[in-house]
Amino acid sequence: MANLNRVTVMGILGRDPETKNFPNGGSITTFSVATSEHWKGKTTGERKQATEWHRITTNNRLAEIASKYLKKGGKVYIEGSLRTRKWKDQSGSEKEITEIRADELQLL
């Protein structure tokens, strides 16, 4: 059986995208997307909500599109794959973050 690393997220942007440009001409844009789940509590019947935040990264042409058209509060559909990055911060502590690297992006 083949492996699959595929993620689909549709949600609301939590902040405006941030873009970094590199000397080789490439760029990366990052932004956060919130997805929420709603349900009614079993005992009280009151409406409950849980929100998950997803860090999204895009590269090159898709990064340009994201930085130009996406704004905080806008709704977006993302398809991509999970990536985990590790690095050492200024104090030498190891850090790790899992992000969604977007391959497709649609404004809704």
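The following legends describe close-up views of a predicted model of one protein chain. Local features are reported only where pLDDT is at least 70, and side-chain atom pairs count only at pLDDT 80 or more, whereas totals for chains, interfaces and linings use all residues. Residues are numbered from 1 along each chain as its sequence is written, and side-chain values use heavy atoms, with hydrogens and water left out.

**Figure 1. Overall architecture of the protein chain.** The protein chain contains 1 helix and 6 strands, where helices (H or I, at least four residues) and strands (E, at least two) are DSSP runs numbered from the N terminus. Read from the N terminus, the order of the elements is β-β-β-β-α-β-β. The chain is more spread out than a compact globule, because its radius of gyration of 17 Å is well over the 13 Å that the globule rule gives for 108 residues. That radius is taken over C-alpha atoms, and the rule is 2.2 Å times the number of residues to the power 0.38. The C-alpha trace spans about 55 × 40 × 35 Å along its principal axes. Of the 108 residues, 29% count as buried. Buried denotes under 20% relative accessible area, exposed over 50%, and partly exposed in between (1.4 Å probe, protein chains only). Among contacts between residues at least 6 apart in sequence, 55% join residues at least 24 apart, a contact being heavy atoms within 4.5 Å.

Figure 2. The largest pocket has a volume of about 230 Å³. A pocket is an open set of points on a 1 Å grid over the protein atoms alone, where a 1.4 Å probe fits, with protein on both sides within 12 Å along at least five of seven lines; lining residues have an atom within 4 Å of a point. Grid points are joined across faces, edges and corners, and the volume is the space filled by probe spheres set on the points. The lining consists of Glu18, Thr19, Lys20, Ile28, Thr30, Arg55, Thr57, Asn59, Arg83, Arg85, Glu99 and Arg101. At least two lining residues come from each of β2 (18-21), β3 (27-40), β4 (47-59), β5 (75-88) and β6 (94-107). By class, the lining holds 1 nonpolar, 4 polar and 7 charged residues; Ala, Val, Leu, Ile, Met, Phe, Trp, Tyr, Cys and Pro count as nonpolar, Asp, Glu, Lys and Arg as charged, and the others, Gly among them, as polar.

**Figure 3. Asparagine 21 in strand β2.** Asparagine 21 belongs to strand β2 and is exposed, at 62% relative accessibility. Beyond its neighbours within four places in sequence, asparagine 21 contacts Gly26 and Ser27. Its C-alpha atom is separated by 22 Å from that of serine 81, 60 residues apart along the chain.

Figure 4. Serine 32 lies in strand β3 and is buried, with a relative accessible area of 16%. Residues up to four places away in sequence not being counted, serine 32 touches Ile12, Leu13, Gly14, Arg15, Trp53 and His54. Threonine 35 is also placed in β3. Its contacts, leaving aside neighbours within four places in sequence, are Val9, Met10, Gly11, Ala50, Thr51, Glu52 and His54. The C-alpha atoms of threonine 35 and leucine 13 are separated by 9.3 Å.

Figure 5. Threonine 58, in strand β4, is buried, with a relative accessible area of 0%. Among the residues that threonine 58 touches, those up to four places away in sequence not being counted, are Phe31, Ala63, Ala66 and Leu105. Asparagine 60 lies in helix α1 (residues 60-69) and is partly exposed, with a relative accessible area of 41%. Most residues other than glycine have a negative phi. Asparagine 60, although not a glycine, has a positive phi of about 50 degrees.

Figure 6. Glycine 74 lies in the loop between α1 and β5 and is partly exposed, at 28% relative accessibility. Leaving aside neighbours within four places in sequence, glycine 74 contacts Gly11, Ile12 and Leu13. The C-alpha atoms of glycine 74 and isoleucine 12, 62 residues apart along the chain, are separated by 5.6 Å. Aspartate 89 occupies the loop between β5 and β6 and is partly exposed, with a relative accessible area of 24%. Aspartate 89 and alanine 66 are 27 Å apart in space, C-alpha to C-alpha.
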